[in-house]
Amino acid sequence: EHGLVKAVSPVTRVRIRNVNTNTFVDADVQTPDGKVIYEGDTQIDGVPGHAAPVALTFLNAAGAKSGQLFPTGNRMEVFDNVRVTCIDMAMPMVVIPAQSLGKTGYESASELDRDTALLKSLESIRRQAGKAMGFGDVSNMVIPKPVLISPALSGGTINVRYFMPHNCHKSLAITGAIGLASACVIPGTIANELTKLSGDGVITVEHPSGGIDVDLSHTAERPEDIRASVIRTARKILSGTVYIPE
């Protein structure tokens, strides 16, 4: 709209650098006749209303924080007698079977937030995982994120409860969806034990507010070369002027 990127019809691709992880994301913005549009019929679970779609493709998400897809060197670890997967794909996470902690995985976010025994168990596992992943003492850090997984209930691929890290997300962070979807197709992970999937395709990650579709594709044979795409929506939030002293 302001000419920083030349718009082309019908879609303009904008490459974004994520400064938090030093990775890149391609955003495909709807620009018919060379103009950005916001109106559309795309709806996202957990987000009110409808708007124009924006396709986001995460290009080099593997090892976003640690430099390795599996920072511990293994696709499975055991902490507090619980089998988990420590993965760093867009976001460092420790993936945990819900039933291993006495949960179904279908509880509401508020119900899980009130379960002090569960939160204590998650934090113990998270701190051990953080150290094993090379992050040191993570007691005052927000990574890795603990995630509970269980079989899908509504026709999706997998069901999750994503913690940030001390309270449960009411839906699911995009970076979390990418990491979980990737784990679903990588043999030897806790998620893959549940899904038994491999190769490219759409993974539907169910969460408390609905679901997120993640389209996976491989640019090479290694799991590190997985590319993940998701659909978001275009919404104008604010417009203003910043004055910088000369």
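**Exercise 1.** In this predicted model, determine how many residues of helix 3 (residues 174–184) are buried.

*Solution.* Take a relative accessible area under 20% as the cut-off for buried. Applied to helix 3, this gives 11 of 11 residues buried, and the helix is mostly covered. The buried residues include Ile174, Thr175 and Gly176 at one end of the list and Ala183 and Cys184 at the other.

**Exercise 2.** Find which residues have the most contacts inside the largest nonpolar core, and which element gives the largest share of that core.

*Solution.* The largest nonpolar core holds 64 residues, and Ile96 and Ile149 have the most contacts inside it. Helix 3 supplies the largest share of this core, with seven residues. Next, list the contacts of Ile96, leaving aside neighbours within four places in sequence: Val82, Val84, Leu101, Leu122, Ile125, Pro146, Val147, Leu148 and Ile149.

**Exercise 3.** Locate Arg232 and find the nearest side chain of opposite charge.

*Solution.* Arg232 lies in strand 11 (residues 226–234). Arg232 is buried. The nearest side chain of opposite charge is Asp45, 8.4 Å away. A salt bridge requires a nitrogen–oxygen distance within 4 Å; Arg232 has no salt bridge. Beyond four places in sequence, the contacts of Arg232 include Thr42, Ile44, Pro53 and Ile212, as well as Ile174, a buried residue of helix 3.

**Exercise 4.** State how many cavities of 30 Å³ or more are counted, and which residues line the largest cavity.

*Solution.* The count is one. The largest cavity has a volume of about 30 Å³. The lining consists of Asn18, Thr21, Thr23, Phe58, Ala64, Ala90 and Thr175. Of these, Thr175 belongs to helix 3, where Thr175 is buried.

Note on methods
Residues numbered from 1 in each chain as written. Predicted model: local features only at pLDDT ≥ 70, side-chain atom pairs only at ≥ 80, totals over all residues. Heavy atoms only, no water. Helix = DSSP H or I, 4+ residues; strand = E, 2+ residues; numbered from the N terminus. Buried < 20%, exposed > 50% of the residue type's maximum accessible area, 1.4 Å probe, protein only. Lys, Arg positive; Asp, Glu negative; His and termini not counted. Contact = heavy atoms within 4.5 Å. Core = buried A, V, L, I, M, F, W, Y, C linked by side-chain atoms within 4.5 Å. 1 Å grid on protein atoms, 1.4 Å probe; cavity = no way out; pocket = protein on both sides within 12 Å on 5 of 7 lines; lining within 4 Å. Points joined across faces, edges and corners; volume = space filled by probe spheres on them.
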